[in-house]
Amino acid sequence: MRALVLLGCLLASLLLSGQAEETEDANEEAPLRDRSHIEKTLMLNEDKPSDDYSDGEITSKPMVLFLGPWSVGKSTMINYLLGLENTRYQLYTSEFTVLMHGPKLKTIEGIVMAADSARSFSPLEKFGQNFLEKLIGIEVPHKLLERVTFVDTPGIIENRKQQERGYPFNDVCQWFIDRADLIFVVFDPTKLDVGLELEMLFRQLKGRESQIRIILNKADNLATQMLMRVYGALFWSLAPLINVTEPPRVYVSSFWPQEYKPDTHQELFLQEEISLLEDLNQVIENRLENKIAFIRQHAIRVRIHALLVDRYLQTYKDKMTFFSDGELVFKDIVEDPDKFYIFKTILAKTNVSKFDLPNREAYKDFFGINPISSFKLLSQQCSYMGGCFLEKIERAITQELPGLLGSLGLGKNPGALNCDKTGCSETPKNRYRKH
């Protein structure tokens, strides 16, 4: 995080020196720019029947989640994409706000959303009444919302403690992260809040790198040279937090309705915006393939976790004797799993990739919460009629989920799956596209 602190100091000095442009209020009187590229790229003017969505795990609308520090322009960006600025639908929010399609403008309180079994938000009730008071749903008659759901979130405020929010902010964010098809993490290049809450956010995004897009918003507020320095510093600073070979795509533009400021790279900003819209449209168009691919990815993680817990448990049973202290024996195993070949055994006896193995340190925390005595060996979780749990997961990974992808590729109804025709045993193509 040291690099982020340095970047914050750089931007603070930029503001103090007056190199930044006027505030956002000055932009309100600026002329509005043409938005025909939005309708064209997202195909909002095409007269075609909307897809058949439901609240099922696979067939529900794709969800686009907006995260980031406070006052970076998340709500303004949503207003711009939907053309809601200067209308009675315009979004102003410091709450968790879910924008959905509806026949007319309608506001739905969080307690109503959680109580409505027809919606998919009832699990949010577990976060308590204080959170539900900070949750709001808004139905808007907009064509884009027929195909996607937007979720706006409160900004990260680094000088505020989590408990001051009155509800588990990180846990709520994780709930939405786990269900999001696309995650926009938005930054303002002229004021970058730096601290533990931002670092915690990126920890929560681990494993979702293919769905993350970084937005460097309000880019026309900086001179070209400073913008390049901020872009490079931000990208370099986030690299340790998003430790993957291919980092998320970074979009640099100003996502608001006003004209770009003069003497800035207006054509570049417009092309970046169109590229982001194409990205969004692809996620919408490939929603089924993306969800099935992610469910399969999650199933692989569940399988690896089950195999590792089983290996820990089997090693514990093998090392236990009549005179052993069970707590000390297992502590020794957890502290140094390599001494007992825990992870090497999984690699040797299964087809698990070494690159998919979780961090060894994670299991210290896991078994600190979940005692080893609460688990049974996988071999003991089989029945003559029901089969084995692990075999069901294996079948879903190698046959059923690839079969769903195959049926989509053939233009068939995923519910009418015939593995003899679609070749369920074939290795599926992961259709998450990284940019």
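Reader: Which residue in β8 is the bridge partner of I215?
Author: The partner is Y251. Some ground rules: this is a predicted model, where local features need pLDDT of at least 70, side-chain atom pairs count only at pLDDT 80 or more, and totals for chains, interfaces and linings use all residues. Residues are numbered from 1 along each chain as its sequence is written, and side-chain values use heavy atoms, with hydrogens and water left out.

Reader: How many bridges join β7 to β8?
Author: Four, and the two strands run parallel. Strands are DSSP runs of E, at least two residues; helices are H or I runs, at least four; numbering starts at the N terminus. Two strands pair if DSSP finds at least two bridges between them.

Reader: What's the strand order in the sheet?
Author: β3-β4-β2-β5-β1-β6-β7-β8, an open sheet of eight strands with mixed pairing. At the edges sit β3 (106-109) and β8 (249-252), each pairing on one side only. Neighbouring strands are turned by 20 degrees against each other on average, direction ignored.

Reader: Which strands does α4 touch?
Author: Helix α4 (residues 74-82) touches β1, β2, β5, β6 and β7, and its direction makes about 160 degrees with that of β5. Axes are lines fitted to C-alpha atoms, for helices over the stretch in contact; angles run from 0 to 180 degrees between N-to-C directions.

Reader: And α10, which strands does that lie across?
Author: β1, β5, β6, β7 and β8, running at about 135 degrees to β8. E273 is in this helix, residues 266-285.

Reader: Is E273 buried or exposed?
Author: Buried, because its relative accessible area is 1% (the cut-offs: buried under 20%, exposed over 50%, partly exposed in between, 1.4 Å probe, protein chains only).

Reader: What is E273 in contact with?
Author: Leaving aside neighbours within four places in sequence, its contacts include R33, H37 and Y80. Contact means heavy atoms within 4.5 Å.

Reader: What lies over the face of Y80?
Author: R35, at 5.7 Å from the ring centre. The test is NZ of Lys or CZ of Arg within 6 Å of the ring centre and within 35 degrees of the ring normal. R165 lies over F169 too, at 3.8 Å.

Reader: New topic. How many aromatic pairs are there?
Author: A search of the whole structure finds 23. F96 and Y167 form an edge-to-face one, 6.2 Å centre to centre with 70 degrees between the planes. Rings of Phe, Tyr and Trp (its six-membered ring) pair if centres lie within 6.5 Å; planes under 30 degrees apart are stacked, over 60 edge-to-face, the rest tilted.
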